[in-house]
Structure formats: C-alpha cells, structure tokens
Amino acid sequence: MNDVNVVSRPFDPPPAGVPVLVFDVAGDLSRVRTFASECAQSLGLCATRLPALGVAISEIATNVLRHTSQGGAVRVWSETGALISEVTDSGTFAPPGRSSASPGGWGLRIADEVCDRVDLYSRPGTNVWRLVMNLNGCASAVSA
C-alpha cells in the first residue's frame with residue numbers, strides 16, 4: 001500500500017465547467033457514489049473499476065461528514081490519461097492515529113488500496129482530496 005500523498009502546494013483548479021455535487025448529510029452518500037460513478041463512466045473509466053471508485057469516494061465523503069461540520073463537494077474530470085475525483089471540505093487533516101482503541105480508521109487505507117494514487121492538499125480550514133485512477137484500460141486495476 002502507498003500512503004496518502006500529502007502535497008505542500010495547492011492543486012491547479014479543476015477545468016472550467018466540471019460538474020459539482022455538494023453533500024452535507026449521510027443520506028447524500030448514495031448520491032455521491034452515483035455522481036462519481038456516472039461521471040467516471042462517461043469519461044472512460046473501465047467498468048470493472050467503477051465499484052472501487054464508488055467505495056473510495058464514499059470512504060472519503062464519509063470522513064468529511066464525520067470530521068467536519070459543513071460537508072463537502074465532489075468533482076470528477078479526466079486529464080492526461082487519468083480520472084481525477086476531487087473531494088473538498090472545510091476541515092484540516094490530521095493523520096489518523098494507529099491506536100486499535102479508536103473506531104474506524106480504515107477509510108483512507110481502503111481508498112488508497114483501490115485507487116492508483118490518493119493526493120491531499122490541506123491547510124487550516126480546507127482539505128482537497130484527489131483520487132486518481134488510470135484510464136488506460138483495465139490492466140491497471142488493483143489486484144487483491
């Protein structure tokens with residue numbers, strides 16, 4: 001497993017016109033998964049990787065709802081042979097502790113396992129998560 005790649009500089013903004021879905025309650029998680037999967041499918045993500053994207057985006061969105069008070073936003077686009085699924089929120093990232101006494105803590109690990117890369121830019125009051133999946137066929141699918 002690769003760890004989440006924490007970057008020190010802000011990402012370039014998404015391309016103009018990229019659709020956005022705002023979510024702020026747990027009842028929105030199904031819409032988040034559907035939105036991301038439909039966008040990814042239209043952009044050419046291999047059908048066998050769509051369920052993995054749904055799991056990864058749901059895990060990140062769930063963390064947003066658990067650790068922030070304002071929800072977040074999802075955008076999906078492609079660039080340079082990769083699908084980019086971006087989740088933004090109003091939190092400030094703190095790496096999860098490795099204590100077995102704390103519940104949960106698997107969401108980032110799961111997202112990292114099923115995506116080709118997970119990048120994060122964080123500053124006080126803003127997290128920008130980018131889940132990256134290769135669009136070049138099914139050969140890059142993560143094997144269990």
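Student: What makes Phe-23 count as buried rather than exposed?

Tutor: This is a predicted model, and in it Phe-23 has a relative accessibility of 0%. Buried means under 20% relative accessible area, so Phe-23, at 0%, counts as buried. Its place is in strand E2.

Student: What is Phe-23 in contact with, once its neighbours within four places in sequence are left aside?

Tutor: Its contacts include Asp-28, Val-32, Ala-61, Val-64, Leu-65, Gly-71, Val-74 and Val-87. Take Gly-71 from that list: Phe-23 and Gly-71 are 48 residues apart in sequence, and their C-alpha atoms are 5.6 Å apart in space.

Student: Where is Gly-71 found, and how do you know whether Gly-71 is buried or exposed?

Tutor: Gly-71 is found in the loop between H2 and E3. Its relative accessibility is 6%, and the limit for buried is under 20%, so Gly-71 counts as buried. Leaving aside neighbours within four places in sequence, Gly-71 is in contact with Phe-23, Asp-24, Val-64, Leu-65, Thr-88, Asp-89 and Ser-90. Gly-71 and Val-25 are 46 residues apart in sequence, with 7.0 Å between their C-alpha atoms.

Student: Which helices and strands does the whole chain have, and in what pattern do they follow one another?

Tutor: The chain has three helices and six strands, and, read along the sequence, they follow the pattern β-β-α-α-β-β-α-β-β. Of the 144 residues in the chain, 41% are buried. Among the contacts with a separation of 6 or more, 69% are between residues 24 or more positions apart.

Student: What makes a group of residues a nonpolar core, and how many residues does the largest one have?

Tutor: The members must be buried residues of kinds such as Ala, Val, Leu and Met, joined through side-chain atoms within 4.5 Å. The largest such core here has 30 residues, and those with the most contacts inside it are Leu-45, Val-74, Leu-83 and Val-87. Several elements supply at least two residues each, including strand E2 (20-23), helix H1 (29-42), strand E3 (72-79) and strand E6 (126-134). The largest share, eight residues, comes from H2. Apart from this core lies another, of five residues, among them Val-18, Trp-77, Ala-82 and Ile-84. In soluble globular proteins, nonpolar side chains tend to be buried together.

Student: How do you know that the buried residues of H3 are on the same side of the helix?

Tutor: The buried residues in H3 are Gly-107, Leu-108, Ala-111 and Asp-112. They cover an arc of only 130 degrees around the axis, and therefore they lie on the same side of H3. An α-helix has 3.6 residues a turn, so residues three or four places apart point the same way. The buried residues of H3 pack against H2, E5 and E6.

Student: Why is the pair Arg-31 and Asp-28 called a salt bridge?

Tutor: The rule asks for a side-chain nitrogen of Lys or Arg within 4 Å of a carboxyl oxygen of Asp or Glu. Arg-31 and Asp-28 meet at 3.5 Å, N to O, which is within 4 Å, so the pair is a salt bridge. Asp-28 counts as buried, at 12% relative accessibility, whereas Arg-31 is partly exposed, at 42%. By this rule the count comes to five salt bridges.

Student: How do you know that Glu-86 forms a salt bridge with Arg-75, and which parts does the pair tie together?

Tutor: The closest N and O atoms of Glu-86 and Arg-75 are 3.9 Å apart, and since the limit is within 4 Å, the pair still meets the rule. Glu-86 lies in strand E4 and Arg-75 in strand E3, so the pair ties together parts that are 11 residues apart in sequence. Glu-86 is buried, with a relative accessible area of 4%, whereas Arg-75, at 24%, counts as partly exposed.

Student: What makes Arg-75, Glu-86 and Arg-130 one network?

Tutor: The side chains of Arg-130 and Glu-86 also meet in a salt bridge, at 2.7 Å, N to O. This pair links strand E6, which holds Arg-130, with strand E4, which holds Glu-86, and the two residues are 44 residues apart. Arg-130 has a relative accessible area of 8% and is buried. Salt bridges that share partners join Arg-75, Glu-86 and Arg-130 into one network.

Note on methods
Residues are numbered from 1 along each chain as its sequence is written. This is a predicted model: local features need pLDDT of at least 70, side-chain atom pairs count only at pLDDT 80 or more; totals for chains, interfaces and linings use all residues. Side-chain values use heavy atoms; hydrogens and water are left out. Buried means under 20% relative accessible area, exposed over 50%, partly exposed in between (1.4 Å probe, protein chains only). Helices (H or I, at least four residues) and strands (E, at least two) are DSSP runs, numbered from the N terminus. The arc is that of the directions from the helix axis to the C-beta atoms. Contact means heavy atoms within 4.5 Å.
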